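Here are a few friendly notes to read alongside the model.

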Amino acid sequence: MMNLLDIILLSIALAMDCFTVSIASGFILRVKSWRVILQISFLFGFFQAFMPLVGWLSMGYFTQYVESFGHWLAFGLLAFLGGKMIYESFLPAEHRTFNPCKLRTQLLLAVATSIDAFAVGISLAVTGFTTLLSLVEPLIWIGLGSFLFGVVGHLLGIRFGNLARHNIRPELLGGIILVAIGVKVLLS
């Protein structure tokens, strides 16, 4: 079974995609909207904790199916959202529809960044987490880590996005970041 340090490091590793997407989202937000920041960060934390639970529960049932196409699903979602952001970055501001304030966008981002956490649930099952009670601590750390990295990422994105706003298009940068994360998921 993993010790606390292993669990914390695992939660940080899982939170990195959320952190990166949050920075891109902060670039687009431009202003601190605590409702949006906390809402999307909560969704990141929730789905990052929920997907390992699903993986753990489905150990043996759906594992082969999700392992064979899960990375393609994550890539597809991230590439679609990123491609849309890149395309819209060249449109006039009034025609842009990608909006991290929308719940639909937040849910898509949260699901897309958490698909790899499904495999973590499977690995937790084979590394000694045999009861639901034993799984509580890792899930709390994973969810909390993604939530905190989401908040910090948004704040950094807003801060540095405002500094660089005149030199770069935030939607273009955010789209490139999402596509890059999708490619990373596909290759890993």
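1. Let's begin at the start of H1, where a side-chain oxygen of Asn 3 comes to within 3.1 Å of the backbone nitrogen of Leu 5. Please keep in mind that this is a predicted model.

2. The 26 residues of H1 should span 38 Å at 1.5 Å a residue, and the end C-alpha atoms are 35 Å apart, which agrees. After the helix comes Arg 30, with a positive phi near 75°.

3. How do H1 and H4 lie relative to each other? Helix H1 covers residues 4–29 and helix H4 residues 103–126; they pack at an angle of about 170°, and their axes are 9 Å apart. Angles over 145 degrees count as roughly antiparallel, so H1 and H4 are roughly antiparallel to each other.

4. Which residues make this contact? H1 contributes Leu 10, Leu 14, Asp 17, Cys 18 and Val 21, while H4 contributes Leu 109, Thr 113, Asp 116, Ala 117, Val 120 and Leu 124. Sorted by class, the contact holds 8 nonpolar, 1 polar and 2 charged residues. As for the spacing, an α-helix has 3.6 residues a turn, so residues three or four places apart point the same way.

5. H4 deserves a look of its own: a kink of about 40° is centred on Ile 115. Gly 128 follows H4, and its phi is positive, near 110°.

How values were computed. Residues are numbered from 1 along each chain as its sequence is written. This is a predicted model: local features need pLDDT of at least 70, side-chain atom pairs count only at pLDDT 80 or more; totals for chains, interfaces and linings use all residues. Side-chain values use heavy atoms; hydrogens and water are left out. Axes are lines fitted to C-alpha atoms, for helices over the stretch in contact, and angles run from 0 to 180 degrees between N-to-C directions. Helices (H or I, at least four residues) and strands (E, at least two) are DSSP runs, numbered from the N terminus. Angles under 35 degrees count as roughly parallel, over 145 as roughly antiparallel, 65 to 115 as roughly perpendicular and the rest as oblique. Contact means heavy atoms within 4.5 Å. Ala, Val, Leu, Ile, Met, Phe, Trp, Tyr, Cys and Pro count as nonpolar, Asp, Glu, Lys and Arg as charged, and the others, Gly among them, as polar. The expected span of a helix is 1.5 Å times one less than its number of residues. A polar contact is a pair of N or O atoms within 3.5 Å; within protein, one must be able to donate a hydrogen and the other to accept it, and residues adjacent in sequence count only if both atoms are side-chain atoms. The bend at a residue is the angle between axes fitted to the seven residues ending there and the seven starting there.
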